[in-house]
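Some notes on the model follow, as numbered points. Please read them alongside the coordinates.

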2 protein chains.
Amino acid sequence: MKKRPVRITIIGLGLIGGSIGLALRKADRSAVITGCSRRRSTARRAMKLGAINRSSASPAAAVRDADYVFICTPVRAVKDILKAIAPSLRRGCIVSDAASTKAEVMKWAKSLLPAGVNFIGGHPMAGKETSGIGVAEAGLFKGCTWCLAPGAGASRGSLQRLSALVRKLGARPLVIDPDRHDFLVAGISHLPFIMSSALVSAAAKDGAWTEMSRLASSGFRDATRLASGDSRLYTDICLTNRKAIASWLDRFSAEMERFSRMIAKGDENLSGAFSDSAGARNRWLKNRR
Amino acid sequence: MKKRPVRITIIGLGLIGGSIGLALRKADRSAVITGCSRRRSTARRAMKLGAINRSSASPAAAVRDADYVFICTPVRAVKDILKAIAPSLRRGCIVSDAASTKAEVMKWAKSLLPAGVNFIGGHPMAGKETSGIGVAEAGLFKGCTWCLAPGAGASRGSLQRLSALVRKLGARPLVIDPDRHDFLVAGISHLPFIMSSALVSAAAKDGAWTEMSRLASSGFRDATRLASGDSRLYTDICLTNRKAIASWLDRFSAEMERFSRMIAKGDENLSGAFSDSAGARNRWLKNRR
């Protein structure tokens, strides 16, 4: 007897949604991948690229027979999508997302989804500063950590099945508490973005920017790379993770103050402080795989 | 009649000194390039790599017949080198450096070098977060801006000759006032370094670092790339450019405050602020060549 092909629906066909589709197709040629995008042209493009093989303009229709649903929109759009798809989800279906903050999403899922649906919040730790289906790629998740936060109603089996699927996409699943997740990513992802963006705006609003920009080199380019990220996406992230971000902004500002004081005083310990940071970063790079 | 080969001395054989040597050799096979390093093993390595073809352990001896001298040490070592080489420099010789701050260096050169020697401060806007002769490369300066700050006693001809040499290395010379230079690079280079280093130390000193570091991805890597830079080099930079850096730390901190307030208030204008930064950065990238 032939096995029924797995049915996966991806709502939101940007960098992440598109890359999930491409990676899925590569891992399982028989998978039926339904894509759903607000824009018809995006769905057409995703189909052409092979990221999806069916498309539907309505989220509710797109999820009707799905085994897995991935919601890959900016954080705050997840709420509306959950509302829209709730009545159409199959019993036993696994619903996940790819948003960068998890606590709010878990609350929405809890209040909006019916019993019998397994909600497991997700967050693949991969990205680019460019966005859209045009930059999606099958290898985006290779070796990356993929955070999974199972909702209270998710069965153990559903977590195992989603973990296996995430592994098929090339990632390493990591089960994590949503609040803990949000605190950790505020430090390693949201703060770096805000810092990047503040550096660009401090420089670009200065009268000397034209001259400065001629001297700016690869160091400035890399330190500000995140600032080119999708502003709507990051607004959603910041506004759904205010407490954790505020805490990291404070920690960062204390470190900036510490360096600032040492520089003002001409303190030679500055060298040790810089070298501690370099050492910590280099150890991190070494331990990454 | 055969033209006398040009004689160039490079003091300090790290990333910059080594790359100057390699680029010079590529541009002019007949050039006599004398290298001088505190460490014998570094000079041997530079010779093996072809960055220099003569070596001398003493700066004074190394510059004796030089047409051009490049001092490529951390900023504060430049002073001692100038003192050491002053009595041995040929009349008409061109002396330059590659340090990241210029105002202090210009003062030292003015007070330490004899009349008849042309001092022109220099700063190639190129770098890597790794240092040492091992990462030097002939193409490092390709397309980069190379700041030149002629001292009061430098002849117009010497500036033209050094500009031509810098072009041979692949760079675009830019004549600039030392104080202006220091202000501009504080914004696009020194502040980004301090910010990177503060981000690493804020994250790495937190109890959650082990967990965080597992989630940290390419965004964190790029935002902190500069923090892996040579801590002695950056200490010298910070301590010879305190006023300009303090001013940029203030501007940056005001921008961080602005973002922080918008996030705390849940202000939807955040999206516009982020998008302004993204736009400024993208225009800068587009205008770069």
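1. Cys144(B) is buried, at a relative accessible area of 8%; buried stands for under 20% relative accessible area, with a 1.4 Å probe and protein chains only. The closest cysteine sulfur to that of Cys144(B) belongs to Cys147(B), 8.8 Å away, which is too far for a bond.

2. This is a predicted model, in which local features need pLDDT of at least 70, side-chain atom pairs count only at pLDDT 80 or more, and totals for chains, interfaces and linings use all residues. Residues are numbered from 1 along each chain as written, chains are lettered from A and ligands numbered from 1 in the order written, and side-chain values use heavy atoms, without hydrogens and water.

3. Cys238(B) is also buried, with a relative accessible area of 0%. Its sulfur lies 18 Å from the closest cysteine sulfur, in Cys147(B), too far for a bond.

4. Thr224(A) sits in the loop between helix 9 (218-223) and helix 10 (231-239) of chain A, and is buried at 0% relative accessible area. Its side chain makes a polar contact of 2.8 Å with the side chain of Arg281(B) (N or O atoms within 3.5 Å, one able to donate a hydrogen and the other to accept it; residues adjacent in sequence count only if both atoms are side-chain atoms). The side chain of Thr224(A) also reaches the backbone oxygen of Arg221(A) at 3.3 Å.

5. In helix 1 of chain A, 11 of the 13 residues are buried, including Leu15(A), Ile20(A) and Arg25(A). Helices are DSSP runs of H or I, at least four residues, numbered from the N terminus.

Notes: Buried < 20%, exposed > 50% of the residue type's maximum accessible area, 1.4 Å probe, protein only. Helix = DSSP H or I, 4+ residues; strand = E, 2+ residues; numbered from the N terminus. Disulfide = S-S within 2.5 Å.
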